[in-house]
Amino acid sequence: MKLLLNNDIMSKIRAFLAIDLKEEFKPQIKEIIEDFKTLNTDIKFVEVENLHFTLKFFGDVDENKINQISEIVSNTLEGFDPFNLKIQGCGAFPNLNHIKVIWLGTEENTILNSLHNDLDEEFSKIGFKKDSRFSNHLTIGRMKSAKNKNQVKEKLNDYKTVEIGEMSIGRISLKKSTLTPNGPIYEDVKVFDI
């Protein structure tokens, strides 16, 4: 019996659904990250190659659920065409007085919101909790302490209205996240064309 339980644990993967950031936008975002790094703060920055927009975080799921998730994504995407997403603005969660996550945002996008809502609705039918709210963003760093918070606030203000560019979205990826002491390693489990 114990052996079965161990196998069950082994077959689970930490999974999420994402839109990868296109290569052409990485240099500009890397510059922004490097600018934040000039501050003497306690921020853990996201590796540029790991930057992505999360459509849904699933947590630890078993292989059987991965097949169900894949089927839902394939079926849902049939109702969508490729679309554009404008990357702009910089801010923090939950707010500027209590900075935990530093992000780059996007212009309000009704197609992306519809896609998220349709997927979320279908995922709830196979046991996943619905997202309380969807805020499309690229996490660029996580603040570990309030060290020099005011400098971070000033820097966030500098980039408040930054324009990164418009990205065409033609695919989304189901990813596996492996947590390591040096940060997460992301691998594509399946890529879906829109």
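Reply: Among contacts between residues at least 6 apart in sequence, 78% join residues at least 24 apart. Keep in mind that this is a predicted model.

Me: What is the mean pLDDT of the protein?

Reply: The mean is 93, and 95% of the residues reach 70 or more.

Me: And where does pLDDT stay under 50?

Reply: Over residues 1-8. The model has 0 contacts beyond four places in sequence for that stretch.

Me: Ok. How many helices and strands are there?

Reply: The secondary structure comes to 5 helices and 9 strands. Along the sequence the pattern reads α-β-α-β-β-α-β-β-α-β-α-β-β-β. The radius of gyration is 18 Å, close to the 16 Å that the globule rule gives for 194 residues, so the protein is as compact as a globular protein of that length.

Me: What does the C-alpha trace span?

Reply: About 55 × 45 × 30 Å along the principal axes. The accessible surface comes to about 11,100 Å², and 46% of that belongs to carbon and sulfur atoms.

Me: What share of the residues is buried?

Reply: Buried residues make up 42% of the 194.

Me: Now the core. Which residues of the largest nonpolar core touch the most other members?

Reply: Ile29 and Phe36, out of 54 residues in that core. As background, nonpolar side chains tend to be buried together in soluble globular proteins.

Me: What does Phe36 touch, leaving out residues up to four places away in sequence?

Reply: Phe36 touches Phe45, Cys90, Ile102, Ile140, Val152, Lys155, Leu156 and Tyr159.

Me: What does strand 5 pair with?

Reply: Strand 4, residues 83-95, pairs with strand 5 in the antiparallel sense over 7 bridges. Strand 6, residues 137-143, also pairs with strand 5 in the antiparallel sense, over 5 bridges.

Me: Give me a residue pair for each. What stands opposite Asn95, and what stands opposite Gly105?

Reply: Asn95 stands opposite His98 in strand 5. Gly105 stands opposite His137 in strand 6.

Me: How do strand 4 and strand 5 connect?

Reply: Through a hairpin of 2 residues.

Me: Back to Asn95. Buried or partly exposed?

Reply: Asn95 counts as partly exposed, because its relative accessibility is 35%; the buried class is under 20%. Asn95 lies in strand 4. In space Asn95 is 10.0 Å from Lys153, C-alpha to C-alpha, although the two are 58 residues apart in sequence.

Me: Which residue has a positive phi although it is not a glycine?

Reply: Asn148 does, with phi at about 50°. In general, most residues other than glycine have a negative phi, and most peptide bonds are trans.

Me: Where is Asn148?

Reply: In the loop between strand 6 and helix 5, which covers 149-158. Asn148 counts as partly exposed at 29% relative accessibility.

Me: What is Asn40 in contact with, leaving aside neighbours within four places in sequence?

Reply: Asn40 is in contact with Lys147, Asn148 and Gln151. Asn40 and Asn148 are 108 residues apart in sequence and 6.8 Å apart in space, C-alpha to C-alpha.

Me: Where does Asn40 sit?

Reply: Asn40 is found in the loop between helix 2 (26-37) and strand 2 (43-45). At 48% relative accessibility Asn40 counts as partly exposed.

Me: Last one, Thr76. Buried or exposed?

Reply: Buried, with a relative accessible area of 10%. Thr76 lies in helix 3, residues 63-77.

Me: Which residues is Thr76 in contact with, beyond its neighbours within four places?

Reply: Leu115, Asp118, Leu119 and Glu122.

How values were computed
Residues are numbered from 1 along each chain as its sequence is written. This is a predicted model: local features need pLDDT of at least 70, side-chain atom pairs count only at pLDDT 80 or more; totals for chains, interfaces and linings use all residues. Side-chain values use heavy atoms; hydrogens and water are left out. A nonpolar core is a set of buried Ala, Val, Leu, Ile, Met, Phe, Trp, Tyr and Cys residues joined through side-chain atoms within 4.5 Å. Buried means under 20% relative accessible area, exposed over 50%, partly exposed in between (1.4 Å probe, protein chains only). Contact means heavy atoms within 4.5 Å. Two strands pair if DSSP finds at least two bridges between them. Helices (H or I, at least four residues) and strands (E, at least two) are DSSP runs, numbered from the N terminus. The radius of gyration is taken over C-alpha atoms; the globule rule is 2.2 Å times the number of residues to the power 0.38. Accessible areas come from the Shrake-Rupley method with a 1.4 Å probe; for residues, only the protein chains shown count as cover. pLDDT is the predictor's confidence in each residue, from 0 to 100.
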